[in-house]
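Here is a briefing on one protein chain. Start with the model itself, then read the points by topic.

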Amino acid sequence: FTFKAGKENKSQINHTYYAEIEEISDKEILAFSLLGDILQMKANEKLREEMGSTYSPSVSAFFSRPPVGMLNLSLSVSSLPENVEKLIAAYDGLVKNIMNGAVSDEDMVKARAQRIKVVETQSKTNMYWSNVLEQQQNYGFDPKNISEYTKRVEALTKEDIVSVAKKYLSNANILKGVMNPE
């Protein structure tokens, strides 16, 4: 959907892949999170650096487990109105490339290091531990996963990322929201 608001010559894009899920394993959740990190890096490279069409693309990967299981992978970005469709096509291309196996060793090294560093930093806060305990309670996460987090992240392979992308994004719904200037 597209709507008009504001006077500034700028469009806001929210492009989301979403799907209902019946089951998702702890490993797939971790792989999906890493997929989001890899897409963030690739969006920065492609949309900002290569195309110069935006300053700060933001990619987020989110899931919720049943009874209302949902998965969503979103791009949120602002750009000039004339670049909207080019940015969306480029992002869709990045997603398709990953589904077709375009995940490099370098992508994996960077994404793993970033994910581990974020968790190490967040684990120093009460909010982090509150969220972890809530997830364990609500979703039945294995408590060992907390102490083995780094090991589990480092064990993820390119194949795990491609597999989770294919499994959950191949038939996902797409919601494209664009706010253009009046």
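Pro-143 counts as exposed, at 54% relative accessibility; exposed means over 50% relative accessible area, buried under 20%, partly exposed in between (1.4 Å probe, protein chains only). Pro-143 sits in the loop between α4 and α5 (144-147). Its C-alpha atom is separated by 44 Å from that of Glu-85, 58 residues apart along the chain.

This is a predicted model, in which local features need pLDDT of at least 70 and side-chain atom pairs count only at pLDDT 80 or more, while totals for chains, interfaces and linings use all residues. Residues are numbered from 1 along each chain as its sequence is written, and side-chain values use heavy atoms, with hydrogens and water left out.

**The sheet**

- Helices (H or I, at least four residues) and strands (E, at least two) are DSSP runs, numbered from the N terminus.
- An open sheet is formed by 5 strands in the order β1-β5-β2-β4-β3, with mixed pairing.
- Two strands pair if DSSP finds at least two bridges between them.
- The edge strands, β1 (2-4) and β3 (58-64), each pair on one side only.
- On average, neighbouring strands of this sheet are turned by 15 degrees against each other, direction ignored.
- Axes here are lines fitted to C-alpha atoms, for helices over the stretch in contact, and angles run from 0 to 180 degrees between N-to-C directions.
- Strands of a sheet pair through backbone hydrogen bonds, either parallel or antiparallel.

**Strand by strand**

- β1 and β5 run parallel and are joined by 3 bridges.
- Phe-3 has Met-179 as its bridge partner in β5, and Lys-4 has Asn-180.
- β2 and strand β5 (residues 173-180) run antiparallel, with 7 bridges between them.
- Thr-16 is bridged to Leu-175 of β5, and Tyr-17 to Ile-174 of β5.
- β2 also runs antiparallel to strand β4 (residues 70-79), through 10 bridges.
- α1 lies across β3 and β4, at about 165 degrees to β3.

**Aromatic pairs**

- Rings of Phe, Tyr and Trp (its six-membered ring) pair if their centres lie within 6.5 Å; planes under 30 degrees apart count as stacked, over 60 as edge-to-face and the rest as tilted.
- By this rule the model has 3 aromatic pairs.
- Phe-1 and Phe-3 are stacked, 6.1 Å centre to centre with 15 degrees between the planes.
- Phe-1 is exposed because its relative accessibility is 57%.
- Phe-3 is partly exposed, at 39%.
- Tyr-17 and Tyr-91 form a tilted pair: 6.3 Å centre to centre, 55 degrees between the planes.
- This pair links distant parts of the chain, 74 residues apart: Tyr-17 in strand β2 (residues 11-20) and Tyr-91 in helix α2 (residues 84-99).
- Tyr-17 is buried at 3% relative accessible area, and Tyr-91 is buried at 0% relative accessibility.

**Helix α3**

- α3 has 18 residues and reaches 26 Å from first C-alpha to last, close to the 26 Å expected at 1.5 Å a residue.
- The expected span of a helix is 1.5 Å times one less than its number of residues.
- Asp-107, Met-108, Ala-111, Arg-112, Arg-115, Ile-116 and Val-119 are buried in α3.
- Down the axis of α3, these buried residues fall within an arc of 145 degrees, so they line one face of the helix.
- The arc is that of the directions from the helix axis to the C-beta atoms.
- An α-helix has 3.6 residues a turn, so residues three or four places apart point the same way.
- On the other side of α3, Glu-106, Val-109, Lys-117 and Thr-121 are exposed.
- Cover for the buried residues of α3 includes α1, α4 (126-139), α6 and α7; contact means heavy atoms within 4.5 Å.

**Helix α7**

- Helix α7 (residues 158-169) has 12 residues, which should span 16 Å at 1.5 Å a residue.
- Its end C-alpha atoms are 16 Å apart, which agrees.
- Buried in α7 are Asp-160, Ile-161, Val-162, Val-164, Ala-165, Tyr-168 and Leu-169.
- Their cover includes β2, α1 (26-50), β4, α2, α3 (105-122) and α6 (149-155).
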